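Please look over the sequence and the structure shown here, and read the report that follows alongside them.

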Amino acid sequence: MRAGVECVYAQAGGAALRDGKPALPDETRALCDRSDAILFGSVGLPEYEGKPLAERPEYALFLLRRDYELYANLRPVRLFPGLESASSLRPELLKDLDLIVVRELTGGIYFGKPKEQRTGADGMEEAVDTMFYRAPEIERIARVAFELARGRRKLVTSVDKQNILETSRLWRRVVERIAPEYPGVRVAHLLVDNAAMQLVRRPAEFDVLLTENMFGDILSDEAAMLTGSIGNLPSASLGTKGTPGKQFGLYEPISGTAPDIAGRGIANPTAAILSAAMLLRHSLDDEAGAATIERAVEQTFATGARTADLARKGEEALSTATFTQRVLSFC
Ligand code: IPM
Ligand code: MG
């Protein structure tokens, strides 16, 4: 823990549910209220599959995102030198890979109403989810993407399904409307099915990939595999509270849990460690601290250290603890 940073632990998700509490207990919420940022573990347990959302571990995340209005989800996709062979793509396609997914996180089909399972008038089981967006929600996430692109390679690729979805037609119109305010930044539009293909065909050409909630969920898992493992990808979810560098945010690996390997000490901690780095950068105004952690992870991989998900046949796989110690030794 960095000097001056107080870290307090609280339950959420499965840990709380197993204790007979709601997915997001009041005391956890109260603690989040008085914190500068949330470093979140992963949620999801098979024993809750099929239950209504409010009784599932994921509900904790749903409430935190919604109630703190954490609409801007940033998912940087970076390939650490040496991990090329762990990627599911050929190394020549990964040269210069450096993209960031900007996922809208508090709207779309995750949150639109109605959202329910019910019995239809004819007695048949049915279910509905609603994809809903209002222009200001699209505008603010588009601005996040354009601002980011300005400091990067100046290309925003906006992903939608405007050939079919009304929300996507609104999405594209709003993005087009905002674009002229950022004259140095190019904007390209891709349909989501094509985007999924281009991500494995020419991933290095993407810079900022801007998209709505569910498309971003799906595409970021795909993008993660370019880096060798979904266990490598951190994320920041930012909202309206705070000022640049001192924004309130939630930081977490992009993946859910891995119950199949729970308790074995072999999970890849990279995404969690890099999420802590993003926390320092965006919420604690500590760019130097963030850069130190990111460099330490890079140096760790450079020594050949690999967790089980990244080790190739014949390579030694380090435990979570040993890999973490290696990273700490470079901090
Ligand atoms: C993510 C995760 C979550 C999501 C799950 C755990 C609810 O997959 O952050 O990408 O779907 O948003
Ligand atoms: Mg996901």
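## Helix packing

Helices α9 and α10 are roughly antiparallel to each other, a label given to angles over 145 degrees, whereas angles under 35 degrees count as roughly parallel, 65 to 115 as roughly perpendicular and the rest as oblique. The model is predicted, so that local features need pLDDT of at least 70 and side-chain atom pairs count only at pLDDT 80 or more, while totals for chains, interfaces and linings use all residues. Residues are numbered from 1 along each chain as its sequence is written, chains are lettered from A and ligands numbered from 1 in the order in which they are written, and side-chain values use heavy atoms, with hydrogens and water left out.

Helix α9 (residues 270-283) and helix α10 (residues 287-302) pack at an angle of about 160 degrees, their axes lying 6 Å apart; axes are lines fitted to C-alpha atoms, for helices over the stretch in contact, and angles run from 0 to 180 degrees between N-to-C directions. Helices (H or I, at least four residues) and strands (E, at least two) are DSSP runs numbered from the N terminus. In α9 the residues that meet α10 include Ile273, Leu274, Ala277 and Leu280, and among their counterparts in α10 are Ala290, Ile293, Val297 and Phe301, contact being heavy atoms within 4.5 Å.

## The sheet and its helices

An open sheet of eight strands with mixed pairing has the order β1-β10-β9-β2-β3-β8-β6-β7, where two strands pair if DSSP finds at least two bridges between them. Its edge strands, each pairing on one side only, are β1 (37-39) and β7 (186-191). On average, and with direction ignored, neighbouring strands of this sheet are turned by 20 degrees against each other.

| Strand pair | Sense | Bridges | A residue pair |
|---|---|---|---|
| β2 and β3 (residues 98-104) | antiparallel | seven | Pro76 with Ile100 |
| β2 and β9 (residues 234-243) | antiparallel | three | Leu74 with Ala236 |
| β9 and β10 (residues 246-253) | antiparallel | seven | Thr243 with Lys246 |

Strand β2 is mostly covered, five of its seven residues being buried; buried means under 20% relative accessible area, exposed over 50%, and partly exposed in between (1.4 Å probe, protein chains only). Helix α8 (residues 213-226) lies across β2, β3, β6 and β8 (208-211), and runs at about 155 degrees to β3.

## Backbone geometry

The peptide bond from Lys113 to Pro114 is cis, with omega near 0 degrees, and Pro114 lies in strand β4 (residues 112-119). Glu69, in the loop between α3 (58-67) and β2 (72-78), has a positive phi near 50 degrees although this residue is not glycine, and is partly exposed at 34% relative accessibility. Lys154, in the loop between α5 (135-150) and β6 (155-160), likewise has a positive phi, near 65 degrees, and is partly exposed with a relative accessible area of 36%.

## Cysteines

Cys7 is partly exposed at 38% relative accessibility, whereas Cys32 is buried, with a relative accessible area of 8%.
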